[in-house]
Structure formats: C-alpha cells, structure tokens
Amino acid sequence: MPELPDVEGFRRVLAANAVGERIASVEVLDRYMLKGTTPRALGEAVNGERFGEPERHGKWLIAPVGKARVLMHFGMTGLLEWVRRGERRHPHDRVVFLCAAGELVYRNMRRFGAIRLARDEREVGRETGGLGPDAQQLSRDDFHALLAKRRGSIKAALMDQRLLAGLGNLLTDEILWRARVNPRTPVPELSSRRRDRLHDAVEACIRESIPTGRVPHGRDWLTRVRDERDARCPRCGSRLRKATVAGRTACWCPRCQRA
DNA sequence: TTGCATGTTCCGGA
DNA sequence: GTCCGGAACATGCA
C-alpha cells in the first residue's frame, strides 16, 4: 500500500484518534520491526507521555510523544489502525500503543519497514536517512532545481527519496502518464516545458490522492487498469506497456508517452 | 513450484 | 562521485 497518500491517511488515523491520548504502555509483538531501538528504550521514551500532532515527511509518519518522536515506515504492506481496547490481535500486528480510549496498531504483513525512535526533533533527520523535500509541498522552482543536477531516467529521479520524498512506483507511473513523459527519458533531455508539465502532474496526482488515502482507482488513473491482463490506456485505448525501469515494473502508454 | 508485489539498502561494475 | 542493475530482505498470493 504505502506511498505518500497512504501514509497521509495513516497520519489522519493518528490525528483523529490518538492525539492527546496518554500512552499507558507499548506492546512490541515483533521486535524485528524496531530499528535502532529496543522495546525497553521505546517504552521508557513514551510510557506516560501523550501523542502530539503527527506529521508526515515522504513515506515516514512522525508522531511526537513528549519530547521524543516515534518514526514509522510502512514498507510495502504496512498500515496504521485505531482499534477498541482489548480488540483481538491480527496475526500481522507488530507494535501496539495502548491508551485509555483505544489502541494504535502498527500492522505489517511483509515486515519491510520499521519503527524508529528519535529522542528529539533534531534526531529525526538522521533516523529517516536524508530525505529530500516532501513531494506534496514542492514549488515549481524547487522542482526545477532538483532536476537540474540529475542525469539518469526521470522515473528513477522521481522515485529517489533523497531527491524528493513520497513518490513510489504507482504514483510515479501516474505522474509520467499524465505528463505524457516516457519513464526512460533521461532527465537532461527534458525541456523546461515538460518539466513544468511534470510538476503540474506531481501536484495534481498528490492532491487527488490525498482524500482517498491511496492512489485512486478512478476513471482516469492507470492504477485502475494496470493489473489487468490486456490493460489499455484510459486516454487513448492503446495497449499499455510494462517493463522494468529503475528496478521497478513501470507501466506506460507507448502512444501517449513516446520515447 | 515459480514469479511477482505499492519499499529500501547494499554491492559491484560502467 | 554518479548511476544502473541485481540481489537481498520477509511474506503471501496467483
């Protein structure tokens, strides 16, 4: 699941239910999910403290708890849920924050991803590992500046979290399809006008994904059709192409997005 | 049984 | 230093 819109949805789950709640204790069902910390250190940092207003940077959810920050990454199959106290555990529940009003559950089937702990605001950047600016609030000028130093394919650039944070495989394909840019295009070959179009597409795709809390399966989205066996372009009806680009399965329209 | 999956990291090579 | 491909990580599903 988790790309920027999904994590934004998890942020809302936390904001709507857990903010102001005091953490009685943390249940670490799978300590493998904890990276750079231990169940004990996590407990000592958060027990008795209250959740503050959560933030998101790229695919990371940042939950203030007292002075500390609990950092959550969801890998490919993670999610966050608010459940009633004493609710039966799901087999993939990994870490649970117990509060009086309910329980905040970090679930993750494949166990990619991590929960990290920053002792204060300053440690957040180090723990999340040098992320670029969040893709949701990236000005046109900043977008141009980022691409200016880039040489590889545009698909690789958009997915590079150190360049800009939040875009994954699905969202990147949507953006390229909307902007009518072939995923293999080397960044230096992109005209200024096409870079503008890409920036417009980044903004539009994110804006339209946020309310859903996922990459939409709407009428004019590749995501709706990309997994079909005879997938066709929602715009022109051409047969969609699939191939590995920048290490991931890219999906694009050979007619709308000519090389 | 094999291949693939919405993520990240590490390694070798160009 | 940059960039890419491939493998690895862990798990479930078609």
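This is a predicted model: local features need pLDDT of at least 70, side-chain atom pairs count only at pLDDT 80 or more; totals for chains, interfaces and linings use all residues.

Trainee: Which residues is A101 in contact with, then?

Mentor: A101 is in contact with E21, W82 and R85. Take E21 as the example: A101 and E21 are 80 residues apart in sequence, yet their C-alpha atoms are 7.4 Å apart in space.

Trainee: How do I describe two packed helices?

Mentor: The description uses the angle between the two axes and the distance between them. For helix 6 (residues 169–179) and helix 7 (residues 192–209), the axes come within 8 Å and cross at roughly 130°. Because of that angle, helix 6 counts as oblique to helix 7.

Trainee: What is the hand of the crossing between helix 6 and helix 7, left-handed or right-handed?

Mentor: Helix 6 passes helix 7 in a right-handed crossing. On the helix 6 side the residues are L171, E174, I175, L176, R178 and A179. They meet R197, L198, A201, V202, A204, C205, E208 and S209 of helix 7. Sorted by class, this contact has 9 nonpolar, 1 polar and 4 charged residues.

Trainee: At what angle do helix 4 and helix 7 cross?

Mentor: The axes of helix 4 (residues 140–148) and helix 7 cross at roughly 120° and come within 10 Å. Helix 4 is therefore oblique to helix 7. The crossing of these two helices is right-handed. From helix 4, the contact is made by R140, F143, H144, L147 and A148. Helix 7 supplies S192, R195, D196, L198, H199, D200 and V202. The classes here are 5 nonpolar, 3 polar and 4 charged residues.

Trainee: Now the DNA. Which residues come nearest to DNA strand B?

Mentor: With a strand, list the residues around it, then look at atom pairs. There are 15 residues around DNA strand B, and M1, K59, M76, R248 and T249 come nearest. These residues of the surface near DNA strand B divide into 5 nonpolar, 6 polar and 4 charged. Helix 6 and strand 10 (248–252) each supply at least two residues of that surface.

Trainee: Which part of DNA strand B is within 4 Å of the protein, sugar or phosphate on one hand or bases on the other?

Mentor: Both parts are represented: 57% of the atoms of DNA strand B within 4 Å of the protein belong to sugar or phosphate, and the rest to bases. Among the atom pairs, a polar side-chain atom of T249 lies 2.8 Å from a phosphate oxygen of DNA strand B.

Trainee: How many residues surround DNA strand C?

Mentor: DNA strand C has 13 residues around it, the closest being R110, R111, R151, G152 and S153. Of the atoms of DNA strand C that come within 4 Å of the protein, sugar and phosphate account for 70%. The residues of the surface near DNA strand C divide into 5 nonpolar, 3 polar and 5 charged.

Trainee: What lies at 2.8 Å from a phosphate oxygen of DNA strand C?

Mentor: A polar backbone atom of S153 does. R151 has a backbone N or O atom 3.0 Å from a phosphate oxygen of DNA strand C. H92 has a side-chain N or O atom 3.2 Å from a phosphate oxygen of DNA strand C.

Note on methods: Residues are numbered from 1 along each chain as its sequence is written. Chains are lettered from A and ligands numbered from 1 in the order in which they are written. Side-chain values use heavy atoms; hydrogens and water are left out. Axes are lines fitted to C-alpha atoms, for helices over the stretch in contact, and angles run from 0 to 180 degrees between N-to-C directions. Helices (H or I, at least four residues) and strands (E, at least two) are DSSP runs, numbered from the N terminus. Angles under 35 degrees count as roughly parallel, over 145 as roughly antiparallel, 65 to 115 as roughly perpendicular and the rest as oblique. A crossing is left-handed if the near helix is turned anticlockwise from the far one by less than a right angle, and right-handed if clockwise. Contact means heavy atoms within 4.5 Å. Ala, Val, Leu, Ile, Met, Phe, Trp, Tyr, Cys and Pro count as nonpolar, Asp, Glu, Lys and Arg as charged, and the others, Gly among them, as polar. A residue is near a molecule or strand if one of its heavy atoms lies within 4 Å of it. A polar contact is a pair of N or O atoms within 3.5 Å; within protein, one must be able to donate a hydrogen and the other to accept it, and residues adjacent in sequence count only if both atoms are side-chain atoms. Lists of a residue's contacts leave out its neighbours within four places in sequence.
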